[in-house]
Every structure is written in C-alpha cells, then in structure tokens.
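Please look over the sequence and the structure shown here before reading on.

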Amino acid sequence: MAASENDLSVPTVQLLAPDGSYAPNAAAEQFVPYVERLTEDDLRRFYRDMATVRRFDREAANLQRQGQLALWVPSHGQEAAQVGSGRAARPQDHIFPSYREHVVGMIRGLDVVDILRVLKGVTMGGWVPEENGNFRLYSFVLASQTLHATGYAMGLQFDGATATGDPERDEAVVVYYGDGASSQGDANEALVFAASYQTPQVFFLQNNGWAISVPVERQSRTPLVWRGAGFGMRADRIDGNDVLASYAVTAHHLDEARAGRGPAFIEAMTYRIGAHTTADDPTKYRLDTDLEDWVRRDPIARLRTYLEGRGIEGSFFDEVDEEAADFAADVRRRALEIVGPDPDVIFDNVYAEAHPALAEERAWFEAYEASFEEAE
C-alpha cells in the first residue's frame, strides 16, 4: 500500500473519479454547487494550467541536470491540488507557498523564471509579492510560512480587511505545506493561533506520501486531516488528484474564512511522482508498484478524459501541448540568459552604517574570489 493511501476510513471528497467520469461521492455533496458554477472556459483553463506547469517542471529539471540551477523541486503529480486551490483564491487573497507551488505562482501572475533565479541562487528573495498577485516568497525553512501566514491573517483582522460582509473586498489567506512540514513545531503553533484568533485562512496540506524518505505513517499514527479538527477548525480530506475537488473545497472554505467564520484545514491526498528534489533518489526507498499505481491516477489524464467526455475537441489538447512547448522553450531561453548579481550585493543593506565585522567578511570574500584567478 502506498504511504499516502492509509486511513481509508476517513471520508475523502472526490468529484472526478480516477477514470475521468464525473461522479461526486457522498463527502462531496455540499461542494457540488461550486463545480456547477464553473464554465467550460474555466475547465479549459484548469487543463491548460496543469499541462503547462508539467512541461515547465520537466524543462526546469533538465536545466538543473545541465548545471544551470543549483537545485530543482519537482511538482509532477501534484498539479490538480495546486491548480484547483490556486484558481479558488480571489485576487485580493494572499498566498503563502512552501517551495513547490510553481503553478500557483504562475496563476497569480508570477514570471516562473523568477523561481529559477531563486533556485540558481542569484537573488536574495525572488519577487515582490504585491506585484505578483500577493504570492509570497518561497520558504525553504520547513513550516515557517505557516506562522507567517497566520500572523498575516491576524493582521487582516486588526486592519478590518476581512469579514466586512463585502465578498468582493474581504481578504483571506491560503498557506501551503506538506506532510513532512506538519511534524514541525511551527505548523502546530500556527494552528493554535489560527484557531484561537479565528483567522481568515485556509491551511492547505499536500500529503504527497513522503517527507523526503520518511513515509507518512511513520510521521503520524492518525490521519493528518484530524490535526485541523483537533485544533477546532473545519477540516476536509480531498482527492488531491481531482482538480474539481481541490477547487470546490478550497473555494468553499475561503468563502467561509472571508465571512468571518474562522480557519479551515484541507488535506490533499496526492503523490509526488518524481524526487523530493533533484538532490534526492526516491528509488532507494519507494516501491515501483506504488509509483505505478499513482501514475495510473495521473491528474492531467483524468481531467482530459472528463473534458473529452464533455465534447471538447482534440484540437484543443493539441493547441495546449504546442503552447506548453513554446512556454518551456521561452523559459529555457531566458533561464540561460540569467546573469548573477555583483558579489558586493551580498554585503549591501546589511547594516545602516559601516560595521567592522562586515568589512572583515568582505575582505575575506574578496581574497577568496581572487584565489581562483591566481590558480588559473
């Protein structure tokens, strides 16, 4: 049994069955109205998002293998969880990612080449959130973003920016993290404060089966979705490979959060098909049979089958494939043009005034860099 398949007794919201048929289960009943309001253009957009980011993901991994990036964090297999939840957020909402939510950033208007700059190590942050759909910076310190998100959500309350009764203006927060990060103290402290202050936020936990090489069942003896309920907030487990479930459940809980009804917790059951990062080798700890089982549940193939059943013409999928290939080619071209900043930027803006310790570090660094020239 795959690690993320345990706890099958917990109701899991599913609207799209693995075979691509539209078959809402009992747990999905209250969320069906959110799907019914989707247009055909919305469904096409979901597919385009998922197909495009997978092609981008593949290109970025290739760039890392060719020495253009220090590291890459794949998202293959988690596209439905991210696209559905990302499209559920409104423009005024605030997104706090971990470091794998590439398509959510893309949805919010982020140029994904900025993500490559981060993973190439040529930027101190990556982008300005306010200029990119309130999509915050990637956090490589596990679970730290859960506290940042909760603090920000508390700030929305203090500023009167939420629960005003105007859904077009009320703001909420979504924070993404994984099953491994759920074991961190920060994540649990964030849940404490969110529940205590009834913050307008959604905790979106992507349970992709493994915290690098540690399986979920070793991290928790109980379903992770119970963490949310245990802290006193609404909690739902969804089929993370079902983009409709991800959209509907997230949209519902964000509506509730903006209306002042407190935080919610979503556990998206999915699987990372690739490695944790390009520094990882999952063949050392995962079973091929589990991987093959999850490959058969591919979220993009599932949505395509559903769309074909609705009469979407084959030319649409050909068009998306061509667009995704062009997108990836453009990303590659611009990634190869990335130039690192002047090394002096490391020392800029650390202190308002000159500091002897910093001067000493700068001198050491300059001598270190000069040693390579001498060696040539």
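## Basis

The structure is a predicted model.

## Helix 2

Helix 2 runs over residues 40-65 and has 26 residues. From its first C-alpha to its last, helix 2 reaches 38 Å, close to the 38 Å expected at 1.5 Å a residue. After helix 2 comes G67, whose phi is positive, near 85°.

## Salt bridges

Side chains of opposite charge can pair when their charged atoms come close. The structure holds 26 salt bridges. One of them joins the side chains of R48 and E319, at 3.2 Å from N to O. R48 lies in helix 2 and E319 in helix 13 (residues 314-336), so this pair ties together parts that are 271 residues apart in sequence. R48 counts as partly exposed, at 26% relative accessibility. E319 also has a value in the partly exposed range, at 38% relative accessibility.

The side chains of R90 and E168 meet in a salt bridge as well, at 3.7 Å from N to O. R90 belongs to the loop between helix 3 (79-88) and strand 2 (94-96), and E168 to the loop between helix 6 (144-158) and strand 3 (173-178), so the pair ties together parts that are 78 residues apart in sequence. R90 is partly exposed at 23% relative accessibility, whereas E168 is exposed at 63%.

## A buried pair and a network

R258 forms a salt bridge with D93, and the closest N and O atoms are 2.7 Å apart. R258 lies in helix 10 (residues 243-258) and D93 in the loop between helix 3 and strand 2, so the pair ties together parts that are 165 residues apart in sequence. Are these two residues, R258 and D93, buried or exposed? Both R258 and D93 are buried.

Elsewhere, salt bridges that share partners join five named residues into one network: D111, D330, R333, R334 and E337.

## A nonpolar surface patch

F158, V192, F193 and Y197 make a nonpolar surface patch of about 420 Å². Which helix gives the largest share of the nonpolar patch? That share, three residues, comes from helix 7 (residues 185-197).

Y197 is found in helix 7. With a relative accessible area of 41%, Y197 is partly exposed.

Note on methods:
Residues numbered from 1 in each chain as written. Predicted model: local features only at pLDDT ≥ 70, side-chain atom pairs only at ≥ 80, totals over all residues. Heavy atoms only, no water. Helix = DSSP H or I, 4+ residues; strand = E, 2+ residues; numbered from the N terminus. Expected span 1.5 Å × (residues − 1). Patch = residues over 30% accessible without salt bridge, like charges linked within 9 Å, V, L, I, M, F, W, Y side chains within 5 Å. Areas by Shrake-Rupley, 256 points an atom, 1.4 Å probe, with all protein chains shown as cover. Salt bridge = Lys/Arg side-chain N within 4 Å of Asp/Glu carboxyl O. Buried < 20%, exposed > 50% of the residue type's maximum accessible area, 1.4 Å probe, protein only.
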